[in-house]
Amino acid sequence: MTTERISNINRSGILISIIVFIVLVYSVRLFQLQIVEHKKFDKESTENSVKAIDLTPLRGVFYDRNRELLVENTPAYTIRITPAYYDTANNRVLEKIAGMDAGSIRTILKKNRDYSKFSPIKVKRGVSFESIAWIEENSELFHGVDYIIELQRGYPAGVHGSHIFGYSKEVNKNQIKIDPYYSAGDLIGYNGIERKYESIIRGVKGKTFIIVDSRGREISKFKEGYQDIPSTKGMDLVLGIDAEIQRIAEENLKGKAGAVVAVEPKTGEILAMASAPDYDLNEFSYVTSRDYLRQLAADPGIPQFNRATMSLHPPGSTFKVLCAAIALDMGVIDENTTLYCAGGFTFGRFFKCHGGVHGAINVTRAIEKSCNSFFYQLIFRIGLDNLHEYAKRFKTGTKTGIDIFEESGGLIPNTKYYERAFGKNWPQGVLVSLGIGQGEISLTPLQLAYYTALIANNGKSYLPHIVKGYLDENKKFSPNLVDEVNTGLKESSFEIVKKGMFLVVNGAGTATHVRIPGIHVAGKTGTAQNPHGKDHAWFIGFAPFEDPKIAICVLVENSGFGGTHAAPIAKKMFESYLLRDTKEKKNKDEKSLLAKN
């Protein structure tokens, strides 16, 4: 055998050995995959081919205290694009049909490029039926474009409620990172009770399972949908709002800047809360146009600012009733104590009293006549820090804790405040103005409404709240738990103060035109000085005097006297709320009488 033949035999043997080895390795691996680990890989294979798609639940709706529907869900069209099948050369045509700005589709697709190109992306919500019909007719030219029917907010009661309800809009990437509930295209509450009660009203997402191929393309439903998980609708909320007086408040604030807040004294429920100017929630129900956002931004009245809970102004003479209650509780005066009004009060300089010389005057008469001199002197008997501490018991100069996030704290100054402003030897003369609700004191209309409710109910109530409770799936009502508030003041102090407020309306006070036949109203007007323009008009009041069912604060900015511009709005609300049953009974009687004749 030659050396060459031996060499060929060795090479063939080596080659055969390599082939056998490779076949052996693959066989072992195949055995491992097919026999030993087939369960594991079968499971992984199933998971890779089955795609879970979120089912968005219906958002909870809002009712007023009489179960009138205030906020509902209404169907609306949403256009989607699946990038894998879409030709971007169609962008401009589709944008025109859908009423979108030029370049917006490109921006949306770019923003969502991290997601699978086989996943549909929502590019425009709230599209008209005409646009959808056009897309249907031209579907052959617009591959990758489809539409779904989603739900948007509707407001059937004719109540604006923009600062109460708030609105929702699409989540951003940061919100998706913080809360795994959300995914791209989901809506989230941005302000008002839409935001505060988001976790309750958003519901629970469901899942539908779809079989997809290796490129992510949908093939069919997994197991014919038997394993799909249905979504659970969000809770429906029942508000303390009374739709009728809410409409009255909004109607009477039209063309003005100001706020109205009404509270049920015994429960702390908000019966009405309006801020003007306001904005149209319908514009925010789906996609807000840039033109409308520009219009809001250019409005000097700042419509999106909630004046009811955030605007801060000196309360003027409406603050006198709080000072009187504090002084009576401290025992620095009683019902018979008189302070002398000589047409003003001198402390370094002369501080004038409006209404001339009142002479020796007690606390009820001082409230009735709104005597400045009495309260100029009273503040020195109360003391600055006592005023500050007592005021906090009434949730004034601090956030009340109402169930929306948009709220300001306000200011009732104390010694530390003035030491920071003026040093240890701060001028005591600043106290004089505080006694009549001027100077540094700044409160919100909500704070005034709430302390009026506390006075009406002898210092006890519950924290102010808009939402009374929610309805479960069987429409069974469950009330929210709300913290109790007790100012701890003597009941007799409130009785004396309320007597003064009664005289403001029913005696010789500044709100006699708020009288309503058949109902005893108690109140106090205020005209707060405004260094930037015309005075602000205030009115606070409650009714019926004998058993208070509603307490109201009205603020009309830059309008003048409280009795002239703020009190009439409160009167209309008192009449509507308290005489409704009487009017309905009268109408029924008249109809019955006509039917008999």
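R307 is buried, at a relative accessible area of 9% (buried means under 20%, exposed over 50%, partly exposed in between, with a 1.4 Å probe and protein chains only). This is a predicted model: local features need pLDDT of at least 70, side-chain atom pairs count only at pLDDT 80 or more, and totals for chains, interfaces and linings use all residues. Residues are numbered from 1 along each chain as its sequence is written, and side-chain values use heavy atoms, with hydrogens and water left out.

R307 belongs to helix α12 (residues 307-310). Helices (H or I, at least four residues) and strands (E, at least two) are DSSP runs, numbered from the N terminus. A polar atom of the R307 side chain lies 2.9 Å from the backbone oxygen of G301. Leaving out residues up to four places away in sequence, R307 touches several residues, including A259, S275, P445 and E557 (contact means heavy atoms within 4.5 Å).

## The five-stranded sheet

An open sheet of 5 strands runs in the order β12-β11-β23-β22-β21, with antiparallel pairing. Two strands pair if DSSP finds at least two bridges between them. The edge strands, β12 (270-276) and β21 (522-528), each pair on one side only. Neighbouring strands are turned by 5° against each other on average, direction ignored.

Strand β11 (residues 258-263) is joined to β12 by 6 bridges, and the two run antiparallel. A259 stands opposite S275 in β12.

## Helices across the sheet

Helix α10 (residues 243-252) lies across β11, β12 and β23 (550-556), at about 20° to β12. Helix α19 (residues 445-456) lies across β11, β12, β22 (536-543) and β23, at about 30° to β22. Axes are lines fitted to C-alpha atoms, for helices over the stretch in contact, and angles run from 0 to 180 degrees between N-to-C directions.

K254 sits in the loop between α10 and β11. K254 is exposed, with a relative accessible area of 53%. Its side chain makes a polar contact with the side chain of E251 (3.2 Å). A polar contact is a pair of N or O atoms within 3.5 Å; within protein, one must be able to donate a hydrogen and the other to accept it, and residues adjacent in sequence count only if both atoms are side-chain atoms.

## The α3 and α4 pair

The axes of α3 (residues 91-98) and α4 (residues 104-111) come within 8 Å and cross at roughly 105°. That makes α3 roughly perpendicular to α4 (65 to 115 degrees). N91, L94 and E95 of α3 meet S104, I105 and R106 of α4.

Conventions. Angles under 35 degrees count as roughly parallel, over 145 as roughly antiparallel, 65 to 115 as roughly perpendicular and the rest as oblique.
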